[in-house]
Amino acid sequence: MLKILRGLLAVLVMLQASTANATLSIEIIGAGEHQIPVAIAPFGGDEKSAKTIHDVIAGDLLRSGLFRIVDNAGKAPLALSEVNYQDWRGLGAEALAIGTVSASADGRLTARFHLLDVVKQSELVGQEVSTSNAQIRAIGHRISDLIYEKLTGDKGVFSTRIAYVNRLGKRFNLVVADSDGYNEQIVLTQNEPILSPAWSPDGSRLAYVSFETGHAAVYVQSLHINQRMVLANFRGSNSAPAWSPDGKQLAVVLTKDGNSQIYLIRLDGSDVRRLSANSGIDTEPNFSPDGQNLLFTSDQGGSAQIYRMPITGGSAQRMTFGEGKNFSPRYSPDGKSFVFTHYEAGKFYITTQDFQTGQMQILTEGGLEKKPSFAPNGKLILFASEARGHGILATVSSDGRVKQHMFTQSGDAREPVWGQ
Amino acid sequence: MKKHLITLTLLGLLAACASDKSKEASGTSALTRAPVDDRSSSSSSAANSNNVAEHSPESTAESSNQPSNDMLNDPNSLLAKRSVYFPFDTSAIQDSDIPLVQAHAKYLAGHGEQKVSVEGNTDERGSNEYNLALGQRRADSVKKMLELGGANSGQISAVSYGEEKPKATGHDETSWAQNRRADLDYK
């Protein structure tokens with residue numbers, strides 16, 4: 001893997017925050033094997049809005065590592081009739097995006113956008129995207145998603161959100177942000193630790209662990225109506241919430257009966273059922289996409305390894321073997337593989353393993369790399385890392401080729417999780 | 001989509017306030033990995049474990065929740081030591097720490113009204129959740145030995161901070177060794 005990376009042209013792009021509340025700056029390392037050359041013509045309409053949308057699209061496509069942005073050489077067609085395909089072929093573009101943005105009296109923005117196949121000289125997609133003026137970046141992300149899906153065949157994840165914990169000295173902020181780090185919203189701030197945020201399947205709620213009462217308890221907070229409830233607050237530690245795919249129950253780790261074991265609990269905090277029963281530590285449960293199984297971390301065999309068990313309980317099957325310890329498993333969206341943290345000889349590595357072959361693939365160089373989670377399309381993995389003495393967020397493509405580092409303006413970013 | 005955007009707008013308003021706060025915070029603590037442990041009782045126990053003689057009147061005075069009991073506050077007593085240290089990824093109390101835990105057990109047995117919180121901590125090697133469980137297991141193993149020594153289970157609460165409240169923030173064995181511990185915090 002290191003060899004492959006060394007052989008690749010390293011691209012380094014700093015995307016500076018253009019609004020005051022954006023807190024992450026981003027570095028991209030590595031590139032996809034085949035980058036699709038895309039040209040984005042300057043959008044017509046209000047110059048400032050057009051530039052923002054253009055920058056969002058270019059930033060999204062570059063960060064994916066799968067595209068190269070072709071310089072438009074001063075050409076700016078606004079309508080299909082103004083496009084001279086030969087010009088764009090000459091510039092080396094395989095696809096071209098054109099569009100205009102307009103504002104209505106009620107403050108809404110509408111972008112009309114076309115994606116063209118320069119080689120076949122045909123339209124791939126044409127769409128109108130509309131939003132309030134305040135959410136102009138959402139228009140750019142939506143267009144990026146359309147371009148990504150048309151040109152790669154996979155769903156884009158630029159309109160998705162992430163959650164993470166920002167630690168500033170004694171202060172802990174639970175943060176929700178766009179997948180590019182913009183539109184940061186602090187949904188909880190306190191002087192006690194916050195751990196393990198977990199998105200509900202519909203993206204409307206976050207479950208997390210908070211130490212605000214002096215010990216670890218699990219809370220569920222609605223993001224739409226700013227309401228929160230205690231899900232589990234038994235004696236000892238209550239932690240590691242994981243949503244079932246139908247959103248009706250969660251797996252949690254409780255110590256109320258002794259050692260850390262996995263339980264199921266309904267969303268209203270009722271019907272607590274113990275699933276695992278051994279004398280070790282069982283933690284970090286994660287539901288399979290079909291809701292039938294749980295992956296989890298357990299030291300029941302002597303050291304921390306990944307296990308799988310049916311949600312009806314029953315015997316657990318060990319999934320990871322060999323040197324080192326393994327933590328924090330999460331299923332891929334298609335359920336065919338899982339990502340986890342592999343610890344060996346003093347370093348943590350973000351690693352995937354295929355269920356069928358049992359083949360393990362280390363995706364990163366190693367360091368203080370923890371808590372991986374897949375993007376909804378399964379193509380990217382978000383995790384916590386460290387650089388220049390700070391906790392940062394990082395992503396790696398699921399083939400290990402493209403990496404990004406996202407730096408917060410201050411403090412440490414930790415415990416990230418990718419949402420819908 | 002429309003509903004989603006309305007929600008984003010509302011959250012955006014919240015963020016506008018919140019981001020101001022984060023800027024204020026960054027002015028004082030920007031770019032530092034400050035220790036997050038602000039409990040005075042814990043800092044006094046840190047002094048104790050390093051050097052008993054350093055257990056000065058000041059460090060006792062700053063712990064306002066310390067009971068005014070001579071035996072508990074005698075710097076020459078084993079009770080002045082409030083931290084139990086553990087090797088990597090283990091929760092069994094080492095032989096060298098057994099007298100310390102037994103002294104606290106005896107004290108608690110003789111002072112039935114006294115409450116203590118046992119707080120388990122870990123180094124950063126392991127996932128945060130695994131470490132939370134490991135810290136709990138360390139706290140529970142101290143609690144168990146206190147009970148075996150005569151303390152009543154109602155006197156002891158065992159909690160874990162995992163790797164969330166490191167005493168030392170370096171990424172080396174010297175720091176890790178300080179963070180692999182359970183603290184006895186008398187209430």
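Here are a few notes on the domains of chain A and a sheet in chain B.

1. Keep in mind that this is a predicted model: local features need pLDDT of at least 70, side-chain atom pairs count only at pLDDT 80 or more, and totals for chains, interfaces and linings use all residues. Residues are numbered from 1 along each chain as its sequence is written, with chains lettered from A and ligands numbered from 1 in the order in which they are written.

2. Chain A is assigned domain 1 (35-152) and domain 2 (161-418), the bounds coming from an automatic or database domain assignment. The C-alpha centres of these two domains of chain A are 36 Å apart.

3. Across the boundary, six residues of domain 1 of chain A are in contact with eight residues of domain 2 of chain A (contact: C-beta atoms, placed from the backbone, within 7 Å). On the domain 1 side, α2 (47-64) and α4 (136-152) of chain A each supply at least two residues, and α2(A) gives the largest share, three residues. Helices here are DSSP runs (H or I, at least four residues), strands likewise (E, at least two), numbered from the N terminus.

4. Over in chain B, four strands make an open, mixed sheet in the order β1-β4-β2-β3 (strands pair if DSSP finds at least two bridges between them). β1 (83-85) and β3 (156-162) of chain B are the edge strands, each with a single partner, so one side of each has no neighbour in the sheet.

5. β1(B) pairs with β4 (residues 181-186) of chain B in the antiparallel sense, over three bridges. Y85(B) sits opposite R181(B) in β4(B).

Terms used
Two residues are in contact if their C-beta atoms, placed from the backbone, lie within 7 Å.
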